[in-house]
Amino acid sequence: MKKWCPLSLRHCAGFKETSMVTANIPIFSFIRLGSCSISKSKVLNKVLSSSQQHHNFFIHYNMECGNFPGRISDGLYELCWYLPSGSEELDLFPEPMTILNLRGDAKELHTQVQFLTNISSAVFIWIDNIDSALSKILKSLAQFPASA
């Protein structure tokens, strides 16, 4: 069970409480195609942290113990729930959301990417350069239900 205060309840000091397993919360997924010059996890941590506090929600190479071999973590999903508190000064977003971060190169992880495109409200793709092979992958992703 988790408790949060969405924008709609902010003025009456009310909270919503529900099981996260059954909660109807939008899922936003993040994947990487090929190698990228910018760390997806590091950027997500920065976006999801308030200006007062920085949190490492997702593992990246520049953090302590973040440089473990990819053969262990590639294909795993990291999950973070964003739950608003009801404080205008602290809340980054007005409503709750689930953020999924796929570890590893999505072009090698077809099953995991297909799962994400089926359950996500939107899939955000990190990519440095689009060659013909990646262009083909992007076209195939556009056929899935999520907004890639």
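What follows is a friendly conversation about a predicted model.

Colleague: Let's go to the rings. What makes F28 and F124 a tilted pair?

Modeller: Their ring centres are 6.3 Å apart, and a pair needs centres within 6.5 Å. The planes meet at 45°. Planes under 30 degrees apart would count as stacked and over 60 as edge-to-face, so this pair is tilted.

Colleague: Where in the chain do F28 and F124 lie?

Modeller: F28 is in strand β3 (residues 27-32) and F124 is in strand β6 (residues 122-126).

Colleague: Why are F28 and F124 called partly exposed?

Modeller: The class runs between the limits for buried, under 20%, and exposed, over 50%. F28 has a relative accessible area of 23% and F124 has 39%, so both are partly exposed.

Colleague: How do you know that Y77 and F115 pair as well?

Modeller: The ring centres of Y77 and F115 are 5.6 Å apart, which meets the 6.5 Å limit. Their planes are at 45°, so this pair is tilted too. Y77 lies in strand β4 and F115 in helix α3 (residues 110-119), so the pair ties together parts that are 38 residues apart in sequence.

Colleague: Now the charges. Why is the contact of E78 with R103 called a salt bridge?

Modeller: The closest N and O atoms of E78 and R103 are 3.9 Å apart. The limit is 4 Å, so the pair qualifies. A search of the whole structure finds one salt bridge. E78 sits in strand β4 and R103 in strand β5 (residues 97-105), 25 residues apart.

Colleague: Are E78 and R103 buried or exposed?

Modeller: E78 has 12% relative accessibility and R103 has 13%. Buried means under 20%, so both residues count as buried.

Colleague: What about S120: why does S120 count as buried or exposed?

Modeller: S120 is at 8% relative accessibility, under the 20% cut-off, so S120 counts as buried. This serine is found in the loop between α3 and β6.

Colleague: What makes the contact between S120 and S29 a polar contact?

Modeller: The side chains of S120 and S29 come to 2.6 Å, and the limit for a pair of N or O atoms is 3.5 Å. The S120 side chain also reaches the backbone oxygen of L116 at 2.6 Å.

Definitions and conventions. Residues numbered from 1 in each chain as written. Predicted model: local features only at pLDDT ≥ 70, side-chain atom pairs only at ≥ 80, totals over all residues. Heavy atoms only, no water. Phe/Tyr/Trp six-rings, centres within 6.5 Å; stacked < 30°, edge-to-face > 60°. Helix = DSSP H or I, 4+ residues; strand = E, 2+ residues; numbered from the N terminus. Buried < 20%, exposed > 50% of the residue type's maximum accessible area, 1.4 Å probe, protein only. Polar contact = N/O pair within 3.5 Å; in protein donor to acceptor, adjacent residues only side chain to side chain. Salt bridge = Lys/Arg side-chain N within 4 Å of Asp/Glu carboxyl O.
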